[in-house]
Amino acid sequence: MLTARVIPCLDVDAGRVVKGVRFQGLKDAGDPVELATAYERQGADEIVMLDVSATPQGRHNARDAVAAVRQDLGIPLTVGGGVRSTDDAGALLEAGADKVAANTAAVSRPELLAEMAGKFGRQCTVVAIDAAANGDAWEVVTLSGRQRTGMDAIHWAVQAVEHGAGEILLTSWDRDGTRSGYETRLIAAVAAAVPVPVIASGGAASPAHLVEALGHGADAVLAASIFHESDYTVGDVKQAMARAGIPTRPAPGHGNQGSHA
Amino acid sequence: MTVPGVVVCRTGTANLASVIAALRRAGAAPRTSHSADDIRTASHVVLPGVGTFGAAMDTLRSTGTDDALKQRIESGRPLLAICVGFQLLCRTSEESPDAVGLGLIDDRVTRFPDGVRVPQFGWNSLAPGSGCRTLVAGHAYFANSYRLERAPRGWRAAMADHGGPFVAALERDALVACQFHPELSGSWGAALIGRWLAMPC
C-alpha cells in the first residue's frame with residue numbers, strides 16, 4: 001500500500017540553504033547537496049527545494065543547485081519559487097527537478113497550471129498554496145506573504161486541480177516557522193475537497209506534529225527547521241509514524257516491512 | 001568490467017536528468033537518442049516515461065523507433081521501460097483513447113478508481129511473484145494516474161495495491177518494465193538498475 005511521505009524542505013538563496021521565520025532574518029544552513037543526500041540516507045521520501053532568491057543571478061545559482069543535487073540524489077526532487085512560465089518550469093525540469101511548484105504566478109494566471117500540465121504532465125505540476133486564517137476560513141496569500149488576495153484557499157485548491165495541478169503543497173502562513181504545530185483544520189478541509197495528494201507544511205516542531213498532520217488527511221508532511229537544526233532525524237519521524245500505525249517506508253537499513261522492532 | 005553503453009530513448013521533450021544521473025551513479029555511460037539504429041544496436045536501452053501515452057507513441061512512430069523497440073523486446077535484449085514507457089508496451093490506454101501502443105501486452109491501461117489519491121505520488125510496497133529474479137520486495141516510488149490491472153501471461157510480475165491490485169513491474173528475458181521510477185527509488189532502485197545493467201546483451 002501507498003505510504004505517507006516525509007519531505008525535508010530546503011529554502012535556497014543564491015545556491016545556499018537558508019533558514020528563517022517567514023523568510024525574515026535568513027541564516028546560512030548549509031550546502032544543498034550535502035543536506036539533500038544526508039536526508040535521503042535518513043529515509044526522506046522526497047526533497048523539496050524552494051528558491052527564495054530575490055535576484056536573477058540568485059535564480060541562476062538556484063538552477064545550478066538543482067543540477068548539483070540531482071547528480072547525487074536518488075529520490076524525487078520538487079522545486080518551486082519564482083516559477084512564472086512554462087519556460088521557467090522547463091528549465092528546472094531540465095536541470096533535474098522531477099516536479100515543479102508554481103505559487104504566486106498561478107494565482108495571478110491559473111492557466112499557467114494548465115500549460116505546465118499540458119506540456120510536462122500533471123505528474124510534474126504542483127501548486128503551492130500559502131493560506132492565512134481569516135475568521136473561520138483561510139485566505140490565499142502571495143508574494144511570500146506580503147499580498148492578501150481575498151481568495152478562499154479551499155476554493156482555490158479545487159480550482160487549481162481543475163486547471164491541472166497534480167499535487168498541492170499547502171502552507172499555513174500563520175504557523176510557518178513558528179514551531180507551534182501544523183494547522184490541522186486547514187489540512188483536513190483541503191484534503192477532503194480535492195482528489196490529488198496534499199503535502200502539509202508550516203509549523204512542525206516535533207515528530208508528533210507530523211504524525212498529527214498525517215492523521216488529519218495529509219498525504220505527505222514537509223518540514224525544514226526540525227531537520228536542519230538536528231533536533232530530529234527523518235528516521236525519528238518514521239519511527240513515530242510506525243508507532244502511530246501510519247504506513248511508512250522505513251529508513252534504509254531498517255528492513256522493508258514497514259515497521260520497526 | 002566494461003561500462004555498458006546505455007541509450008536512453010527520447011520519447012518527448014521533458015526532462016531525463018533523473019534517469020541519466022541514476023545510470024551514471026550505477027557506472028554506466030548513458031546517452032540519449034531517438035535513432036532507430038541506436039535503439040537496435042545499443043547493448044542496453046532505457047525507455048523512460050515522458051508525457052502522455054499518445055504523445056509518446058507519436059514520437060516513437062515518427063522516429064521509427066517503435067519497430068526497433070519491438071524487435072529488441074522480441075529478441076530478449078536488455079530494455080528497461082519506466083512509467084509511461086511501461087504502459088507503451090500495452091495495446092491501448094484510457095489516457096489517450098485513440099492511440100495504439102506497441103501491443104506486446106494485449107491489454108488496456110486504465111485510470112485508478114475514485115476514492116484513492118490520483119495521481120498516485122509516493123512509495124508503495126511491491127510483492128514480487130514467484131520466479132521473479134530482478135524484481136525483489138521493497139518500496140518503490142510511483143508517480144502515475146494510470147495502471148495495468150492484471151499481470152499478462154508469459155511475464156513474471158510484481159504487484160502493488162492502490163485502490164486494488166495493479167502491476168508494479170514485469171520481467172521477461174532481459175526486459176524489465178516498471179510502473180514505478182527506479183531512478184527515484186533510492187538505494188533499492190539503484191540496486192535494481194545495477195542488476196539490469198549486469199544482464200548480458
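Let me begin with confidence, since what you see is a predicted model: chain B averages a pLDDT of 94, and 97% of its residues score at least 70. For the complex, the predictor gives an ipTM of 0.95 and a pTM of 0.95.

Turning to the interface, 32 residues of chain B are in contact with 39 residues of chain A. The size of an interface is often given as the accessible area lost when the parts come together, and here the area buried between chain B and chain A is about 2600 Å², with carbon and sulfur atoms giving 53% of that figure. On the chain B side, the residues that lose the most area to chain A are B:Arg117, B:Phe121 and B:Trp123, which together account for 31% of what that side buries.

Which side chains meet in a salt bridge? The rule finds 1 salt bridge across the interface of chain B and chain A, and in that salt bridge the side chain of B:Arg117 meets that of A:Asp219 at 3.0 Å, N to O. Across the interface there are also 19 residue pairs in polar contact, both residues at pLDDT 80 or more.

As for where the chain B side comes from, helix 1 (17-25), strand 7 (120-128), strand 8 (138-144) and helix 6 (186-197) each supply at least two residues, and strand 7 gives the most, with 6 residues. By class, the residues of chain B that touch chain A divide into 12 nonpolar, 15 polar and 5 charged.

Conventions. Residues are numbered from 1 along each chain as its sequence is written. Chains are lettered from A and ligands numbered from 1 in the order in which they are written. Side-chain values use heavy atoms; hydrogens and water are left out. Contact means heavy atoms within 4.5 Å. Buried area is the accessible area (1.4 Å probe) that two parts lose on being put together, summed over both. A salt bridge is a side-chain nitrogen of Lys or Arg within 4 Å of a carboxyl oxygen of Asp or Glu. A polar contact is a pair of N or O atoms within 3.5 Å; within protein, one must be able to donate a hydrogen and the other to accept it, and residues adjacent in sequence count only if both atoms are side-chain atoms. Helices (H or I, at least four residues) and strands (E, at least two) are DSSP runs, numbered from the N terminus. Ala, Val, Leu, Ile, Met, Phe, Trp, Tyr, Cys and Pro count as nonpolar, Asp, Glu, Lys and Arg as charged, and the others, Gly among them, as polar. pLDDT is the predictor's confidence in each residue, from 0 to 100.
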